[in-house]
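Biologist: I have a chain open on my screen and some questions about how it is put together. Can we go through it?

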Amino acid sequence: MALAVHVTVWDDRDQVGGGRAPTASMVPVTPVTPVTPVTPVTPVTPAAAAAPALFIHNIFSWGSDSTYGFAGQRPLADGRRLLLMDRRGYGDSPDTARSDFDVDAEDVVKVLGDGALVRLGGAHLVGHGNGAVAALIAAARRPDLVRSLALIQPSAFTAAAHHPVVADLLDRVRDGAPGIPDGVTPEQYLRASTEGLGMAVPEPTPRRLRAVATSMRERPIWEAEIPLEVIRGAALPVLVICGTWERAPAAYREHVGLPLMAVAESLTDSLGGRLLRVPGYYPHTQESAVVNAALREFWG
């Protein structure tokens, strides 16, 4: 099947000794700290143990990125095949005039619809931020191809609009919060979005700056309508992973962390899932071992 996006494939089940199997691709055609005990999550059925997992990244990133992406989840490839989708305009996927969560969701559906995945009964979905929104929409469109949903700090703000912190955020952006001024370069935007909030600035490589440029013209995530009733009706196992944000820069915690924590709590309740709280504000990179252990348990 022809795919419009690039998917990196990690599969280390055949590695010998300390070696690692080579990374394959589905090529397109067109500081760790101690953590508190974690509440066990409900595992999926044993029959799903070998099902692949499909990862969908957030902004400024791509699937295999070590800074914001899923490089820290590579150890999970020792037990199953990992598929890391680069959303359009990111990584090795083609450019796009405007990144769009609905288009991303359709790309996820097409990856899930690959014959090999269909024969295996689908895949586990793991999404971070805006990628988690695409995962939710894709799961609603084809729940029969989804084994489970793991949502890392999902940006599903409209699904938690009743929460005061989220409602305040939505009011600000919908009432015309300042957009990106004309003439701002991707490098300037990257610096403002990281150093401007008290965080380290990643190296402005061409690959990173392309990802930032795509992020600057993404369709606003607060326009996403999450079909919660459909997902609830599919009875998919759901794990929501969220940082505790106590170590985050104050401005970043106030403007981003508090709404994301509220969304995580709301989605957990709405979908009958389990919530894993992890110290920090980038769970899968800052506490990859904890997140990986939780995913292994969740997948069964």
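Modeller: First a term: buried means under 20% relative accessible area, exposed over 50%, and partly exposed in between, with a 1.4 Å probe and protein chains only as cover. This is a predicted model, where local features need pLDDT of at least 70, side-chain atom pairs count only at pLDDT 80 or more, and totals for chains, interfaces and linings use all residues. Residues are numbered from 1 along each chain as its sequence is written, and side-chain values use heavy atoms, with hydrogens and water left out.

Biologist: OK. What share of the 300 residues is buried?

Modeller: Buried residues account for 53% of them.

Biologist: And how many helices and strands?

Modeller: Ten helices and eight strands. Those are DSSP runs numbered from the N terminus: H or I of at least four residues for helices, E of at least two for strands.

Biologist: Switching to packing. How do α5 and α6 cross?

Modeller: The axes of α5 (residues 186-194) and α6 (residues 206-216) come within 9 Å and cross at roughly 80°. The axes are lines fitted to C-alpha atoms over the stretch in contact, and angles run from 0 to 180 degrees between N-to-C directions. The two helices are therefore roughly perpendicular to each other, a label for angles of 65 to 115 degrees.

Biologist: Which residues make that contact?

Modeller: From α5, Pro186, Glu187, Tyr189 and Leu190; from α6, Arg208, Leu209, Val212, Ala213 and Met216. Contact here means heavy atoms within 4.5 Å.

Biologist: Arg208 again: what does its side chain pair with?

Modeller: Asp65, in a salt bridge at 2.7 Å, N to O. The rule is a side-chain nitrogen of Lys or Arg within 4 Å of a carboxyl oxygen of Asp or Glu. Arg208 is in helix α6 and Asp65 in the loop between β3 (53-56) and β4 (82-86), 143 residues apart.

Biologist: Are those two buried or exposed?

Modeller: Both Arg208 and Asp65 are buried.

Biologist: What about Arg296 and Asp78?

Modeller: Their side chains also meet in a salt bridge, at 3.0 Å, N to O. Arg296 lies in helix α10 (residues 288-299) and Asp78 in the loop between β3 and β4, so the pair ties together parts 218 residues apart in sequence. Arg296 is partly exposed at 36% relative accessible area, and Asp78 is partly exposed at 40%.

Biologist: How many salt bridges in the count?

Modeller: 18. Asp100, Asp102, Glu106, Arg141, Arg219 and Glu223 are linked in a network of them.

Conventions. Parallel < 35°, antiparallel > 145°, perpendicular 65-115°, else oblique.
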